[in-house]
Structures are given as C-alpha cells and as structure tokens.
Amino acid sequence: MSFAELTRNSYQRGVTPQQWLGLCKLLVQQHDVGVDVSAVISNTILELYRLYPADPTLREYLQLALSDKLLSNAVFVSTFIRAARDPELQNGTTLDMLCRLALNAHYTSGLSPTESIIPLADSQVSVLSKVQDALALLRIAHSLPPSNFHHLVLSASELAILLLSCVTDMSQVTAAQAMIYLGDANDVLHSLRLSPELRQVLEGFVLSLSLLMGDDAKAVRDAQMLHTMQLTMGKNDVLGANVETDTITCGLLLQSLMACRTSDFGAGSDLEAVAVMTGTLRWTSWAPNVFCTQLLVAALTCVAQSSAKDDHESSFSLWRAFVVGRLPRLLFALEKSLKAHGTTEADWRAAMHVALSSLSQRSDLLAQCDAVARQGKGHDSSQDNNTLQRSLLREFIQQLLAVGIIEYAFAVSMDPMMVNDPTTRLQTEAFEHGCSIETYLDSKLTLDSSPDDTLSLLEKIRQEPGSHHCFATVVQKRFTSHSTSLDLEHLSHLTRTLYHHDFALDILSLHLKISYLICDALEIISEYDCETVGDPQTAVSHLGDIVLFAEMVLAKFRISSPIMKDGKMYRTELLRCTSRVYQVDELSPEHKSAFATWFKAIFDINSEGIDDALLRTTKPQILLQISATLFSQAALARQENRIDNDTLQTGMSYFLGPLLRWTLVGVIHAMLFEIGHRALVAPFHLAILQTILCSSCCPLVVRRLCSPSCLRLLSSRRIQAFSVNPILDISVIRATCFQTLGVNKDPSCKALEDHQISPATRWMDFPKQEIHEALALARRHKAPRIDVTRCLSATSPSKFLGLLWSELSDASSLGEMETCKRLATFVLAVPRQLSSAPPLLPIFMYNVLPCLIAAIDQQQATEQGLNTQLLVTIISSALTAALHIEWAVQTVCEEQRFVLGQPSASVARRLAADLRAQKKSSPTSATILQRLGSSTAFVTNFPAFVM
C-alpha cells in the first residue's frame, strides 16, 4: 500500500491522527521508504482538502506529521503554495488554516527561514519560483471575500515576508528571469493594499532586481517608490513622463463615452465603460486622487466648452445630464471594481474628497460652466427658479452624495448652503405622494396621462439630472414588459412619448444600452401579424409607433451595424433599407402577391380601399418593405398615364393617415433617390415628395428623419432647374425642411451656403479637420475629441492612420510629444464597436508602421531622430494601454474577448519579430528595437522585446 492510499483510506474510515501517524511510520520501516515521503503526504492531504474544505481532522494529520518531522515544513510550504493556485482549493478558511500551520511550524522550530521553509539545497532560482507562488497566494487572499473567521491576508503576508528573506544571491538569475519577477512584484505593489512590513520587504526585492538589470540611478529610485502604479522609470524611458497635470487623456475618455454612448464602450454600457476607465487609470499610473482630480477637471472642461443651444450634439443640457446624472454612477461602479483589486472604500472616498477640493479651487473653470448654464437657461423659459439658482458643482456634489461615494460632512463643508437648498420639483411631488421618484414616474407615464401632462413631466425630468437614472429604469422595465407580453397599446404609447421628446432619448442613451430596446422592437416588427387580431387597423397603427421609434433611434445615434443581445444577432437592415425600390421580378412570391394586392387596393380607381381582410393577410414587415416600390410604380404609372392624378392623390391619402404613415420614411427616401438619379424626368416623384412632406398630416418625426436628406438633394443645381409652378415648388419643400430642423434660412435661395463646396469634398476632409481640431483643443488646454468611427466612414483605416501620423509628426516637431502620445494612444488602444470600426492597433503595427519606418530611414538625421522618438513613444504607450484595457475588460466584464482585435501580447510578439528581421537593413527598426528593449517597464509587460 502506498502512502497516498494509506492516508486516504485512514481519513475516510475515521482513523485517528495518532493511529494514522503510527501506520505511516510502520510503512516507512517495512518498506524502508526514504524518498519524497513528505511530498506524497502533503499532496495527498491537499487533495483531500479540495473535497473537504477546512476539515479539522486533516489539520491534525498535518500538524502531527509536521511536529514528528515525518513531513518537512519546507516541502509542505512548497507544495501548499503551488496547490493554492487551484480554484478548487481557494477557500479562505482552508488556505488560512494551511498557512498558519506552515508559519507555526516555522516559529516553533527556532530555525531561520532558509533552514525551515526552504530546503538548504534549493537554488536561488527555485527560491524565486516559490516567491512567485507566495505572491500568487497573496493575490488570491485579496480576491476572496473577507471574513471574521480567518485572517488569510495577514497569514499570506507573513509567509511572503519569510520567503522574500530567503532571496540572498541573485547571481544565478538571468536578466529575462529578473524582468519576469520584477513585473510580478510590481503588479502586487501597485494593485494590492499591503502591510507596511511586506511593502518594505517587497520594495527592497524590486530594488535588487532593478540593480541586477543595470538600470540607471533614476530608475532605481523610481523602483523604491512603487506604491503607486508608476510605470515610467526614468525621464528617458520610452513610456514618457507621468504628466499629472494632463487633461487630454481624461478629456478624450469622456468625449468618447459621450459621443459613442450607444456603443459597447459608451456611457450607456455599465461594465464596459467602467472597464475603459479602469484600464485608463492603470495605464496612466496615476494615484486614485490624481485620476479623480483629472477626471473631474476634464468633465467640467467638457461642460465649459459645450454649446448653450439644446439642439447641438455637444449641448450644455446633454453634458450636464452626463456629468451630474451619469458620471457619479460610473464613479461608484468604478469604486466597486477597484475594491476587488486592493483599493478600499476609504481610499476611494479620500481620493474623491481631494479631487473635489481641487475642483473647488478652479474658480475660472466653474465660472465658465456657470456662464454656459446661464446662456442655456436664457434660451429655456421652462426652467424653474430652483434650477436657475442651483450651480452645476452643487448638483454634482449632491449626486455624488446620493450614490454614496462622498461623506455628508465633507459635502456640507464643500458647500454649506447645500443644507438650505430646496428640493427639486420631482422630489417634492414624489414626497407628497408618499413614494420614491421611480415609483412616482412609473405612475405618471401611463395611457391615462394627457399629452400635455406627459410633456410637462418630461420637461421636469430634463431639468433634474438626478431623476434621469430612475426615468431610464422605468422605461427599460416598461419596454421589456410590454414587448414580452406583446402589449402593443402600451408599447405604442411609450414609444410615441419617447420619439416626440428628443431629450428623453438622450437620457436613455446615457443610462442604458438603448440598442437593446431596438432589439425588442425588431423582434416585434419582424414577427408580428394581424391574422388573429380583433381590430387589425388599430394594431397596425400601434405597431407603426414602434417602427417610427426604432427608425428615430437608429438615425439619431447612427446605429447601422448588427446588434448582439443575449447571444443573438439583430440586423437593422429591416428598418434602414425601407427605401429600396424593387423590380417586381425581384420580389419573393409572398412579397409579389402582397405588392399586387396593395397596388390594386390603393392605386386602382375601382378599388374599395383597405379593409381588415387585407391587413390580416399581410404581415406589417412585408408592407414596410414594399411601400417604396408601391410609390415608385405609382409615379411611373402616372407618368405613363395609366393612372390619373386623383387616383395618385387618393393613394397617398391612405399613407398620410394613422394606419400607414409609419411607412413614409422609406417612401420619402426612395423618392429622393429617384429624383437624384432622374432629375428633370422625375416630376411626379417630386410631386409625391412635396405632397407627403408638406402635408399637415405628415408626422413630425417623419419630417425630422427626412429633412436633412431632402435639403442635401435640393441644393443640387440639377434640381434647381425645375421650373416653379403653383403645384410644384421646391422652395415650399425647403421651407418645410428648414422649419422642421429649426433653421432660419430663406427658402428661395438658390443653394445652401453649406453646399458651396462639394459635400463629397467636405466629407473627405473630415478626418483631417477632426485631427486638427483635437490638436487645437489640446493646445488651449481644452478637452479634445476625435470621432474615430466617423473618420473611418470617410476614409480607409490605413489612410486615416497615415494622416494621423503626418499631423502628429508636425505637432511633435513643435515640442508637443506628450500630446501626440496621448492622442495616438486613444486612437489605437481605446476599444470601439468592432462592427462599426475595425481595430486600429493591429492595422497600425502590421500595415502602417513598416511604411513609416521605410520613410523615416530616408530622412535627414535630425528629422529621423525626432520621428523615431515619436514612433517609439507611440508604440510603447499604445501597447501598454492596450494591455491594461484588456486586463480591465477581462476582470470587470468577466469575459475573455479581444476588444482590440488581437491580444496586445500577440501584437507585441509579431512586432518584435518584424523589427528583428529588419534591423540589419533598417537603422530605424534597429533603434526602435533597442529603445523598447532597454525599457524595463516596457519589457516587464512584453518579454518578447528582451534584448
């Protein structure tokens, strides 16, 4: 019988620890076993602990074996800390019990750590391996829930200190191994809350490793101060200086969260947004108080440079809604995320207190915000007195206090007048009804509310950012409930309310994934039929409101790519391609039959019109898809005199009623497309357009969705050639479009000022203008923004990256290297919706970088040196940021996905291989390789660059 079998059988049959120990000794004598008995016993009991966590009998087995010297404490420590990596053994009480056994055995032995917990014959490489296992145990201890029944963090810290004291001679350690150990120790230092004793010992360990690798004195001093996430080790390190007065990084971050708020990594996504913020914190290596200060200053900078007009994408109202209503909740979620990695609630609150105190000193910035607020309120007569008097900073502090990330005493010390601040109107009304704001809003958004009451309620919500989250929660619950139960009446009322109030959609986009509502809407639209409905006309009208809501959201937030929800892909073509005109032969049999039936019912003089039977036999989805074709064929029939004008007008009247007006967006865009192609030979298409768009029965939401396209078309000189007559007048159409969009222009002007330059030319210039504007804002210490997704819709990724490099190269020659680094890092390393924009990091490293290196090789020495330095800075910063963001996405979102196309480690390995292959023929490649390989911080993260 083996020791493993003896131990398992003894435990499972209830043999006492003393009897088991006697049997083990007997087995040793009988078989003269003297080789590795300790390892077998230790591993066997550790396997039993996986099945029986924290079992006291197993503890006695180990304790007796250790005290009797049958089990060597050094072997037990080695096997235990290695086994602790197994998730099945990661029970807090179990690990603490095992740790204390090892520590007690050491303390009672009276031996030094090198004699007690490390075998004398162990090499220093083996000791360092055990140190790595001990640091892994420390991470596990911090990741497990705290308990009053064990002190695992304390025990693991003691064991780590003992093992670190055994590291005495590093002469056997190679530089590559030292870099790996250094990276491990750095990670523990800046990600866990350590005891002063362990921190001191670990910093000494880091210092020894740094000396071993021959870093300069400045890098050594930095290594002694790794209590923060400082990754910049020396003023000449490729990662650049740790600029703690920078607002560019956080400005770009906040602008991206806002501009892409409906994407996977926008403000409307809780976990993904927090992951990007966490990755940014780790990449910048700022202490929490510095990060919070930079973030809040950047937030108010965004507000200060916003527009006072509410119809602007960067309006004050929208930024106020984000900063006051959304940002505090993201900061609260960020705090919860950081707590899992060593930052305590007290640390985070202290950081927020420091940040707010710093912010209160920025009187210039606060004055700018208040000035924009006054301008906005001057345009808004609906603002109540309380809202007019409440400053943005006070509102922000109130919301931070409401979510629980600052203390009440601190809030009052920041703003003593806050205690006298009157409650908001919604708070007062909810209190009078004896309920919470969420319950109150839920009771008001009902079918019983009149349109005026609903509009008044939405205006109150708009003015009070503190209510926005509650409003979004109510809408999400309602939408999900009504969609699941197919309650079209209530869902129609909800969607009609939302698409009539534009800012309500903005609120939703900041607090939830509004694209998920589109998924629910698409499911209903694609599957619904009226075959068994009692009143199909009412049902189709209700469904129409859902269609208009979905079209409005898709257009407003420029959602065009497929949407993933719960593992299912929803394609938006059903609503985005309603303007497609089909040839009759292209239609499927079902669509062809529906087309023939509906054309006869609408555009046949002998038809009796639309009845319930027709609605029951046609799925609304099919009707939506054939409506544009119906009108195209009707215009052609009128041109060929197969139908008269009265018949055409009668047919259009059906679509201007509540029954079918939800199909008009596709119809109008189809007419615009054919007018653009046919020009002077499409008079009836233009007549249809004018009749529908200028009719008082045309829904405002339809006009809003179609007016921009209409104005672009009508600016064409070809269209201006249409003669004016009492029936057909382009200026009437233009006037309607201008009125819809709230633009004051003379509709009789021959061409739009905006179109004096070709629209195509302006569109192609957009990427360059966007980069220029970002650099200009950065120079003025504003919050820069780059809409990368929109830039990539105007040009290819490689051309955009080449253009970016050209502009950054010029800027770096003016001494703006740090600005260039942060802009480039944002473009390359911040994740975006993969279905909307391809990942740029691999494209830059694989496709663009070789061309840049070849061009730099041909430059003069001065220019070559500057551009090489810029390349090294961008590569190191982008890869490091990508690494931290990947880690943050995996830990915060708890899923393994490559948000930047490929893992940063894979990109780095290939880049290193490519540079080595070219270093003999390319001096730039050789310099880049040497600079990256000489950076301790960079090589710690990317060992592929070890020289």
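The expected span of a helix is 1.5 Å times one less than its number of residues. The exercises below apply to a predicted model.

**Exercise 1. How many helices and strands does the protein chain have, and what percentage of its residues count as buried?**

Step 1. The protein chain has 48 helices and two strands.
Step 2. It holds 947 residues, and 55% of them count as buried.
Step 3. The accessible surface comes to about 39900 Å², and carbon and sulfur atoms account for 52% of it.
Step 4. Take the contacts between residues at least 6 apart in sequence. Of these, 75% join residues at least 24 apart.

**Exercise 2. What distance does helix 17 reach from its first C-alpha to its last, and which of its residues are buried?**

Step 1. Helix 17 covers residues 345–360, which makes 16 residues.
Step 2. Its reach is 22 Å, close to the 22 Å expected at 1.5 Å a residue.
Step 3. The buried residues in helix 17 are Trp348, Arg349, Ala351, Met352, His353, Ala355, Leu356 and Leu359.
Step 4. An α-helix has 3.6 residues a turn, so residues three or four places apart point the same way.

**Exercise 3. Where is Leu393, and which residues is it in contact with beyond its neighbours within four places in sequence?**

Step 1. Leu393 belongs to helix 20, residues 392–403.
Step 2. Leu393 has a relative accessible area of 17%. Buried means under 20%, so Leu393 is buried.
Step 3. Beyond those neighbours, Leu393 is in contact with Leu359 and Leu366.
Step 4. Leu366 is 27 residues from Leu393 in sequence, yet their C-alpha atoms are 7.6 Å apart.

**Exercise 4. How many disulfides are there?**

Step 1. A disulfide needs two cysteine sulfur atoms within 2.5 Å.
Step 2. The count by this rule is zero.
Step 3. Check Cys710. The nearest cysteine sulfur belongs to Cys737 and is 3.7 Å away, so Cys710 is in no disulfide.
Step 4. Cys710 is buried, at a relative accessible area of 0%. Cys577 is partly exposed, at 39%.

**Exercise 5. Where are Asn641 and His781 found, and are they buried or exposed?**

Step 1. Most residues other than glycine have a negative phi.
Step 2. Asn641 has a positive phi, near 60°. For His781, phi is also positive and near 60°.
Step 3. Asn641 is in the loop between helix 33 (620–639) and helix 34 (645–655). His781 is in the loop between helix 40 (759–779) and helix 41 (788–794).
Step 4. Asn641 is exposed, with a relative accessible area of 61%. His781 is exposed too, at 65%.

**Exercise 6. How many aromatic pairs does the structure hold?**

Step 1. The total is 12 aromatic pairs.
Step 2. Take Phe479 and Phe549. Their ring centres are 5.6 Å apart and their planes are at 40°, so the pair is tilted.
Step 3. Phe479 is in helix 25 and Phe549 is in helix 29, 70 residues apart. Both are buried.
Step 4. Now take Phe603 and Phe631. Their centres are 5.8 Å apart and their planes at 85°, so this pair is edge-to-face.
Step 5. Phe603 is in helix 31 and Phe631 in helix 33, 28 residues apart. Both are buried.
Step 6. Phe603 and Phe631 also belong to one aromatic cluster with Phe595, Phe599 and Phe655.

**Exercise 7. Which ring does the charged end of Arg790 sit over?**

Step 1. The charged end of Arg790 sits over the ring of Phe766, 4.3 Å from its centre.
Step 2. Arg832 lies over the face of Phe826, 5.3 Å from the ring centre.

How values were computed
Residues numbered from 1 in each chain as written. Predicted model: local features only at pLDDT ≥ 70, side-chain atom pairs only at ≥ 80, totals over all residues. Heavy atoms only, no water. Buried < 20%, exposed > 50% of the residue type's maximum accessible area, 1.4 Å probe, protein only. Contact = heavy atoms within 4.5 Å. Areas by Shrake-Rupley, 256 points an atom, 1.4 Å probe, with all protein chains shown as cover. Phe/Tyr/Trp six-rings, centres within 6.5 Å; stacked < 30°, edge-to-face > 60°. Lys NZ or Arg CZ within 6 Å of the ring centre and 35° of its normal.
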